[in-house]
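Trainee: Before I rely on the terms used for this protein, I would like to go through them one at a time and see what each rests on.
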Amino acid sequence: MSRSVPTLAPASYFTLFSAIHSFVIGLLPFYLPILIWLQYQTLAPLTEFIAWTGVGYILALWGWHHLFIRGYWRTLIALSFVLEISLIYIALFHVADTHLMILGLLNGLFNCSYWMMQRVLFNSISGSNNTGRLFGNLQLILGLSLKLGILFGGYFMQTQPWVIFTLSIIAALAFCVMAFTSLTTQTFVYERSDHQQAKSNISIRDKIVFLVDGPFLYLESYLWVVSIFHLTNSDTSQFSLTVIALSLALAFIFYFIKNTIDKQSQYRLYQVATLLYLGGWLMRGWISPDWGSFAIGLGLLSIAFATALFRLYFNKRFYDKAKQQANYHYLVSKSLYSQLGIVLFFTALTVTLNLTVFSLSQIYWGVLPLIIVYVLYQQTSTPVNNNVLSS
């Protein structure tokens with residue numbers, strides 16, 4: 001069949017898919033922790049919501065995997081936007097009368113549909129020696145599009161929520177119209193994916209790291225978002241501008257870092273990044289609304305830098321390891337174990353918070369010992385053969 005519409009190259013497809021989803025996430029899903037906090041004013045409902053999100057992700061992962069291996073590419077693309085818009089609709093207009101379980105499960109379904117597709121796309125376009133630079137570029141692109149969405153979301157959420165809903169639909173339709181005309185990327189991704197390859201055994205060390213990494217992803221996003229909201233006087237506009245300012249500062253820093261990461265000693269830099277990550281969690285527990293504006297700004301920037309740097313090295317390590325084995329199954333396994341960790345950790349935290357009271361600072365300091373687990377994921381002294389799956 002001849003096609004008159006220009007096709008998208010895989011890298012462009014990946015960039016547009018990720019950027020548009022990030023923009024829509026910034027419009028509202030980014031604000032979900034704040035919406036739940038404002039409604040309940042305690043931490044237990046938020047941690048329960050996160051636990052249900054993990055359950056929803058695990059349930060969706062089975063279906064996503066079977067749709068992917070059977071080649072239902074367009075269905076998966078459309079599903080990622082349908083679930084995202086459904087989540088936005090309920091959060092905007094029915095959050096008060098929707099049970100946390102329903103909202104959490106829907107959030108998990110969307111997270112699975114988006115993150116699995118994004119990881120598969122990223123893995124297909126990354127080579128053996130450029131995962132660090134590509135992930136750095138990804139952080140810049142997604143950061144900017146996410147913050148643009150946050151800016152619009154913060155402005156319209158309380159006064160004209162229908163604008164957010166309309167923008168979400170327009171963005172989703174725009175990508176789907178462009179993407180559905182392109183068969184190139186679908187073919188390219190399936191050729192690069194080794195989903196038909198037999199599963200390789202994942203080490204116990206990696207499984208432990210993934211189990212711990214899942215909870216940290218939500219601690220450094222959902223719970224930390226609530227902390228920043230408190231540090232900015234619980235004002236949505238001030239909160240949005242603070243997040244955007246942090247992102248612009250980080251974008252400037254990482255523009256220079258990303259081009260050198262693949263050329264540096266990964267062993268030492270991973271250790272340094274992990275140490276800074278530990279320092280970031282110490283600072284999270286320490287920073288307080290009682291500090292002056294400059295001190296709070298400096299503290300937030302330090303935490304954001306330490307977190308972003310660690311994620312840059314951790315994800316480079318993750319995608320490099322994926323390319324050493326059955327990479328599709330490695331991506332799926334990472335998601336599965338991370339979500340299991342989320343369900344276990346946040347279920348236990350919810351039960352604990354229903355029995356006693358903990359502050360966010362106490363939670364941040366309480367998880368500090370778990371960071372030692374990340375050391376298990378550092379590169380060994382034996383050089384990695386990066387060319388195994390480069391063909």
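Mentor: Let us begin with what a helix is here: a DSSP run of H or I with at least four residues, numbered from the N terminus. Keep in mind also that this is a predicted model.

Trainee: Then what separates Lys316 and Asp320 in helix α12?

Mentor: They are four residues apart in helix α12, and therefore about one helical turn lies between them.

Trainee: How do you know that the span of helix α12 agrees with its number of residues?

Mentor: At 1.5 Å a residue, the 30 residues of α12, residues 293–322, should span 44 Å, and the end C-alpha atoms are 43 Å apart, which agrees.

Trainee: What makes α12 largely enclosed by the rest of the structure?

Mentor: Buried means under 20% relative accessible area, and 22 of the 30 residues of α12 are buried, so the helix is largely enclosed. Lys316 and Asp320 are both buried as well.

Trainee: Why is the contact between Asp206 and Lys321 called a salt bridge?

Mentor: The closest N and O atoms of Asp206 and Lys321 are 2.9 Å apart, and the cut-off is 4 Å. Asp206 lies in helix α9, residues 204–231, and Lys321 in helix α12, so the pair ties together parts that are 115 residues apart in sequence. Both Asp206 and Lys321 are buried.

Trainee: What do Arg311 and Asp213 tie together?

Mentor: Arg311 lies in α12 and Asp213 in α9, so this pair joins parts that are 98 residues apart in sequence. Their salt bridge has 2.8 Å from N to O, and both residues belong to a network of salt bridges that also links Glu220 and Lys334.

Trainee: Why does Leu148 count as partly exposed?

Mentor: Its relative accessibility is 42%, and partly exposed covers what lies between the 20% limit for buried and the 50% limit for exposed, so Leu148 falls in that class.

Trainee: How confident is the predictor overall, by mean pLDDT?

Mentor: The mean pLDDT is 85, and 87% of the residues reach 70 or more. Over residues 383–391, however, the pLDDT is below 50, although that stretch has 17 contacts in the model beyond near neighbours in sequence.

Note on methods:
Residues numbered from 1 in each chain as written. Predicted model: local features only at pLDDT ≥ 70, side-chain atom pairs only at ≥ 80, totals over all residues. Heavy atoms only, no water. Buried < 20%, exposed > 50% of the residue type's maximum accessible area, 1.4 Å probe, protein only. pLDDT = per-residue confidence, 0-100. Contact = heavy atoms within 4.5 Å. Helix = DSSP H or I, 4+ residues; strand = E, 2+ residues; numbered from the N terminus. Expected span 1.5 Å × (residues − 1). Salt bridge = Lys/Arg side-chain N within 4 Å of Asp/Glu carboxyl O.
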